[in-house]
Amino acid sequence: MVSQTPPDKADQKPINDETLARQKAIDDWLPITSSRNAKWWYSAFHNVTAMVGAGVLSLPYAMSELGWGPGVVVLVLSWVITLYTLWQMVEMHEMVPGKRFDRYHELGQHAFGEKLGLYIVVPQQLIVEVGVCIVYMVTGGKSLKKFHDLVCKDCKDIKLTFFIMIFASAHFVLSHLPNFNSISGVSLAAAVMSLSYSTIAWTASVHKGVQPDTQYGYKAKTVAGTVFNFFSALGDVAFAYAGHNVVLEIQATIPSTPEKPSKGPMWRGVVVAYIVVALCYFPVALIGYWMYGNSVQDNILLSLEKPTWLIAMANMFVVVHVIGSYQIYAMPVFDMIETVLVKKLNFKPSSLLRFFVRNIYVALTMFVAITFPFFGGLLGFFGGFAFAPTTYFLPCVMWLAIYKPRKFSLSWWTNWICIIFGVLLMVLSPIGGLRQIILQAKDYKFYS
């Protein structure tokens with residue numbers, strides 16, 4: 001550490017200009033801050049891509065574990081609460097005049113202090129982003145495999161491992177797009193796909209009609225089983241709404257002036273995104289459960305075997321969407337790694353550095369995905385620790401810490417209710433997730 005004695009004022013100026021110029025050069029190179037000319041609709045489809053995970057397809061299954069009443073309540077409550085916390089994030093992006101919190105952890109540092117902010121936010125954000133990337137590797141591989149098995153019934157069976165590798169090959173190319181605006185095309189395609197396959201999922205269900213002898217009771221025979229399933233389904237719903245980890249990073253790409261702050265266009269994009277999210281989630285969850293009752297599979301596309309071409313198409317749509325989502329969640333991770341390399345370890349910002357960093361990251365996520373394809377269960381477990389806080393209550397805690405609303409005022413109550421709901425989710429969903437991992441891991445072989 002350099003000693004903090006201030007040198008003569010005259011000596012100080014050139015150093016500052018130089019450091020500022022260097023900082024600006026680095027910021028112009030880093031993925032998140034390098035281009036700030038996004039339109040409001042970019043934020044809409046980035047948010048749709050980030051929010052609507054392939055998790056939407058497991059919503060009917062989550063409904064079957066929650067039951068009609070609690071299921072609808074949890075779905076709607078989550079939608080309202082996460083929209084509120086998203087609004088808070090958008091508001092807090094520029095609450096200090098002349099400064100923008102371009103990354104989740106910068107806001108954390110402002111709320112909780114330099115050191116503590118990093119320790120609170122970064123681990124959670126990394127768990128979420130890296131976790132999502134790994135899950136999407138598995139999802140992409142599985143959907144490719146499904147597509148292959150549907151289209152070509154008599155082909156030789158190919159291992160999931162190879163499909164995950166095929167899926168990863170797309171990312172070895174796409175990861176080299178430098179920043180958020182350059183992936184907006186990929187993201188738009190992904191957002192359109194997510195609407196498409198959600199629509200396919202519920203319209204095909206409607207077409208099949210309510211299945212004979214459909215039952216809506218809980219599947220588990222024991223009380224304990226029912227309770228654990230309930231917890232794990234809470235986790236599933238919580239992760240369906242986890243786009244908050246990249247929201248400040250998306251907003252950072254929108255231009256901003258004191259007269260026209262970035263929160264205007266960003267909020268418009270978010271509202272559009274949330275309407276699309278509702279159009280994807282509610283019909284799939286409710287219609288899927290209504291048609292199949294508690295015999296629904298954990299992926300609604302598995303319950304709809306016919307017509308083959310339609311389901312094969314839907315699986316291909318899932319693949320395209322997951323490619324886009326992977327990129328959106330990987331971008332902040334690239335940003336963190338590159339920031340550390342350039343600012344802390346003084347590497348020169350170059351395309352070679354970027355080439356190595358990103359290929360290594362894609363390779364690592366691919367390796368983990370191939371090793372643990374039951375990662376979805378792990379997500380229920382880890383997700384509870386990291387998804388619930390970053391989405392449901394960290395924004396509220398920051399809001400209380402920064403704005404300090406009057407005790408028992410509306411704002412105070414709202415935030416505390418969100419915090420309590422979020423903490424409950426955080427505590428309960430890992431319990432259900434852990435039990436599912438234990439049940440699944442019994443008959444699992446590595447690299448099968």
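Helices here are DSSP runs of H or I, at least four residues long, numbered from the N terminus. All views show a predicted model.

**View A. Helix α13 lines the second largest pocket.** This pocket has a volume of about 890 Å³. Its lining has 29 residues, and those closest to its centre are His-105, Glu-106, Gln-109, Thr-339 and Lys-343. Helix α13 gives the largest share of the lining, 8 residues. At least two lining residues each come from α1 (9–29), α5 (104–112), α6 (114–151) and α13.

**View B. A cavity is lined by residues of α3 and α9, among others.** Across the whole structure, the search finds 1 cavity of 30 Å³ or more. The largest cavity has a volume of about 40 Å³. Its lining consists of Ser-64, Glu-65, Tyr-218, Lys-219, Ala-220, Thr-226 and Asn-229. Helices α3 (59–66) and α9 each contribute at least two of the lining residues.

**View C. Tyr-216 pairs with Trp-68 and with Tyr-289.** The structure holds 17 aromatic pairs. In one of them, Trp-68 and Tyr-216 are tilted, 5.8 Å centre to centre with 50° between the planes. This pair joins distant parts of the chain, 148 residues apart: Trp-68 belongs to helix α4 (residues 68–92), and Tyr-216 to the loop between α8 (184–208) and α9 (223–240). Trp-68 is partly exposed, at 34% relative accessible area. Tyr-216 is also partly exposed, at 30% relative accessibility. Tyr-216 and Tyr-289 make an edge-to-face pair, with centres 5.4 Å apart and planes at 80°. Here too the link spans distant parts of the chain: Tyr-216 is in the loop between α8 and α9, Tyr-289 in helix α11 (residues 263–292), 73 residues apart. Tyr-289 has a relative accessible area of 0%, so it is buried.

**View D. Four aromatic residues form one cluster.** The members are Tyr-84, Trp-87, Trp-399 and Tyr-403.

**View E. Arg-354 sits over an aromatic ring.** The ring is that of Trp-29, and the charged end of Arg-354 is 4.2 Å from its centre.

**View F. The largest nonpolar core has 123 residues.** Met-137, Tyr-241, Tyr-281 and Met-398 have the most contacts inside this core. Helix α13 (residues 308–344) supplies its largest share, 16 residues. Leaving aside neighbours within four places in sequence, Met-137 is in contact with Ile-164, Phe-167, Ala-168, His-171, Tyr-326, Val-362, Thr-365, Met-366 and Ala-369.

**View G. Gln-327 is a buried residue of helix α13.** Gln-327 counts as buried because its relative accessibility is 1%, and the cut-off for buried is under 20%. Neighbours within four places in sequence aside, Gln-327 is in contact with His-171, Leu-174, Ser-175 and Ile-183. His-171 is also one of the contacts of Met-137.

**View H. Val-73 is a partly exposed residue of helix α4.** Its relative accessibility is 49%. Val-73 and Ala-44 are 29 residues apart in sequence. Their C-alpha atoms are 26 Å apart in space.

**View I. Asn-346 and Lys-404 have positive phi values.** Most residues other than glycine have a negative phi. Asn-346 has a phi near 55° and is not a glycine. Asn-346 is placed in the loop between α13 and α14 (351–371). At 54% relative accessibility, Asn-346 counts as exposed. Phi of Lys-404, likewise not a glycine, is about 45°. Lys-404 lies in the loop between α15 (375–403) and α16 (410–441). Lys-404 is exposed too, with a relative accessible area of 60%.

Key
Residues numbered from 1 in each chain as written. Predicted model: local features only at pLDDT ≥ 70, side-chain atom pairs only at ≥ 80, totals over all residues. Heavy atoms only, no water. Phe/Tyr/Trp six-rings, centres within 6.5 Å; stacked < 30°, edge-to-face > 60°. Buried < 20%, exposed > 50% of the residue type's maximum accessible area, 1.4 Å probe, protein only. Lys NZ or Arg CZ within 6 Å of the ring centre and 35° of its normal. Core = buried A, V, L, I, M, F, W, Y, C linked by side-chain atoms within 4.5 Å. Contact = heavy atoms within 4.5 Å. 1 Å grid on protein atoms, 1.4 Å probe; cavity = no way out; pocket = protein on both sides within 12 Å on 5 of 7 lines; lining within 4 Å. Points joined across faces, edges and corners; volume = space filled by probe spheres on them.
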